[in-house]
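Subject: Structure for your review

Dear colleague,

Please find the structure below, handed over for your review. The findings follow it, grouped by region.

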Amino acid sequence: MNYSRDDIEALKASLSITQVAERLGHHVVRGKFRCPYAMRHAHGDRTPSVSLSESKGLFNCWVCQDVRGDAIRLVEISRNLDFRGAVDWLQAEFFPETIPAPGTSETHLVPNFAAAAPPIKVVKVEPKPEIDPILRAKIILNFFEKLSPIEGSPAASWLVKRRIFKKTWESMRLRYITDYDKVNRELLQNFGIEALQKAGLFNENGNLRYYKHRLLFPYLDKKIIPLYFQARAIDNETQPKELNLRGTIPFPFNLKILDGNIGWVYLCEGCVDTLTMIDRGFPAVGIPGVKSFKTEWANLFKNKRVILCLDQDDAGRAGTESLLEVFKNAGIDAAPLGAGISVERFQLSEGQDMNSWFGGKR
Ligand SMILES: [Zn+2]
């Protein structure tokens, strides 16, 4: 059969990449699964490296350059099929009713959606924040003023268990949402639903997004004003554990130590690891995830020597490689933690992060 480009696009548009991955036998957990080429990975890809983007309909392995693409490509790789074979497989799996009877010449890949709604596509499109940065900053500042200190909140014992103590949570201005309803209501009174949604704090239902994610890590500028934040759930069930504020991340976490003076900086993945290092007395900055470092941030590291402390997993190692390149291009010395140290017990073991290395408990 010959498929038109429109047929192919219609087919892709009516598929959920997560369902395709599952139908292919990949074990998808929280949008990730193990690389089909696990043997290329250091530890058989024990920590899954392939992530799915349901909204874009794409998959991407952090390590393998050739393991990425759309639903059709995923079928090609997983079933060792060519393009045509992959399209046929998808049609047979998801739209068997559209396969023409022998002797007929119908060649549509998917049912006529003018008559019926797409049967399986589940895509949540979140509105893009389009907001005046000054108003956004005002909202974030006002939000933080309504929050409680960590002392006396359930987050205190959670942080202590991770060996992050009072002097750190105070100096880094961590906060907790004690009275969710009150914060919700007062923000609505002050700014109105539209601005709060555009700023990324409120969801489509008109409520503050941080009902479960009540521990807040502010990204403070050099005047100690929060311009961005990440929110963390402290129970064991909530997934994802962290929620980033949507929209632009202005700078790394703990910006103030990037002061242009000569010195060392430890670059960590996530606020918890960064806070762990800060609590131990290390000059540390954090990025929300391995892929969230912006090239232009390299300039902020002027006069610093950077030690990269990303997680010891495939994503962390791939992130380390790309960050080394970014810093090299910016003329800044950077090296992974433990570079040059050949004694294995001094290095992070597989799956370890800075917090667990320092004895933090989950
Ligand atoms: Zn891979």
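Helices here are DSSP runs of H or I with at least four residues, strands are DSSP runs of E with at least two, and both are numbered from the N terminus. By that naming, Asn80 is placed in the loop between α3 and α4. Please note that this is a predicted model.

Asn80 comes after α3 and has a positive phi, near 55 degrees. Most residues other than glycine have a negative phi, and most peptide bonds are trans. Asn80 is a residue other than glycine with a positive value. It is also exposed, because 10 other C-beta atoms lie within 10 Å, and a residue counts as exposed at 12 or fewer.

Two packed helices are described by the angle between their axes and the distance between the axes. Here the axes of α3 (residues 71-79) and α4 (residues 83-94) come within 9 Å and cross at roughly 105 degrees. The helix α3 is therefore roughly perpendicular to α4. On the α3 side, the contact is made by Ala71, Ile72, Val75, Glu76 and Arg79, and on the α4 side by Phe83, Ala86, Val87, Trp89 and Leu90. Sorted by class, this contact has eight nonpolar residues, two charged residues and no polar ones.

Which residues of α3 are buried? They are Ala71, Ile72, Leu74, Val75 and Ile77. The elements that cover them include α1 (5-13), α2 (17-23), β3 (58-61) and β4 (68-69), as well as α4.

**The annotated region and the open sheet**

An unreviewed UniProt entry lists residues 43-91 as "domain: Zinc finger CHC2-type".

Strands of a sheet pair through backbone hydrogen bonds, either parallel or antiparallel. Four strands of this model form an open sheet in the order β1-β2-β3-β4, with antiparallel pairing. At the edges stand β1 (32-33) and β4; each has a single partner strand, so one side of each is left without a neighbour in the sheet. The strand β1 is joined to β2 (residues 50-53) by two bridges, and the two run antiparallel. Lys32 stands opposite Ser51 in β2.

How many residues of strand β7 (residues 215-220) are buried? The strand is mostly covered, with six of its six residues buried. Both faces are covered: Leu215, Phe217 and Tyr219 are buried on one side, and Leu216, Pro218 and Leu220 are buried on the other.

Strand β7 pairs with β6 and with β8. Two bridges join β6 (residues 175-176) to β7, and these strands run antiparallel. Tyr176 has Leu215 of β7 as its bridge partner. The pairing of β7 with β8 is also antiparallel and extends over six bridges. In β8, Leu215 has Arg232 as its bridge partner. The hairpin of β7 and β8 has five residues between the strands, and in it Ile224 takes a positive phi near 65 degrees.

**Loops later in the chain**

The loop between β8 (226-232) and β9 holds Pro240. The peptide bond from Gln239 to Pro240 is cis, with omega near -10 degrees.

Pro250 is found in the loop between β9 (242-244) and β10 (263-269). Is Pro250 buried, exposed or partly exposed? It counts as partly exposed, because it has 14 C-beta neighbours inside 10 Å. Leaving aside residues up to four places away in sequence, Pro250 touches Tyr219, Leu227 and Tyr228. Between the C-alpha atoms of Pro250 and Val285, which are 35 residues apart along the chain, the separation is 13 Å.

Lastly, Asn303 lies in the loop between β11 (284-287) and β12 (304-309). Its phi is near 70 degrees, a positive value in a residue other than glycine. Asn303 is partly exposed, with 13 other C-beta atoms within 10 Å.

Yours sincerely

Note on methods: Residues are numbered from 1 along each chain as its sequence is written. This is a predicted model: local features need pLDDT of at least 70, side-chain atom pairs count only at pLDDT 80 or more; totals for chains, interfaces and linings use all residues. Axes are lines fitted to C-alpha atoms, for helices over the stretch in contact, and angles run from 0 to 180 degrees between N-to-C directions. Angles under 35 degrees count as roughly parallel, over 145 as roughly antiparallel, 65 to 115 as roughly perpendicular and the rest as oblique. Two residues are in contact if their C-beta atoms, placed from the backbone, lie within 7 Å. Ala, Val, Leu, Ile, Met, Phe, Trp, Tyr, Cys and Pro count as nonpolar, Asp, Glu, Lys and Arg as charged, and the others, Gly among them, as polar. UniProt positions are given in the numbering used here, feature names are shortened, and annotations may be inferred rather than shown by experiment. A residue is buried if 20 or more other C-beta atoms lie within 10 Å of its own, exposed if 12 or fewer, and partly exposed in between; C-beta atoms are placed from the backbone. Two strands pair if DSSP finds at least two bridges between them.
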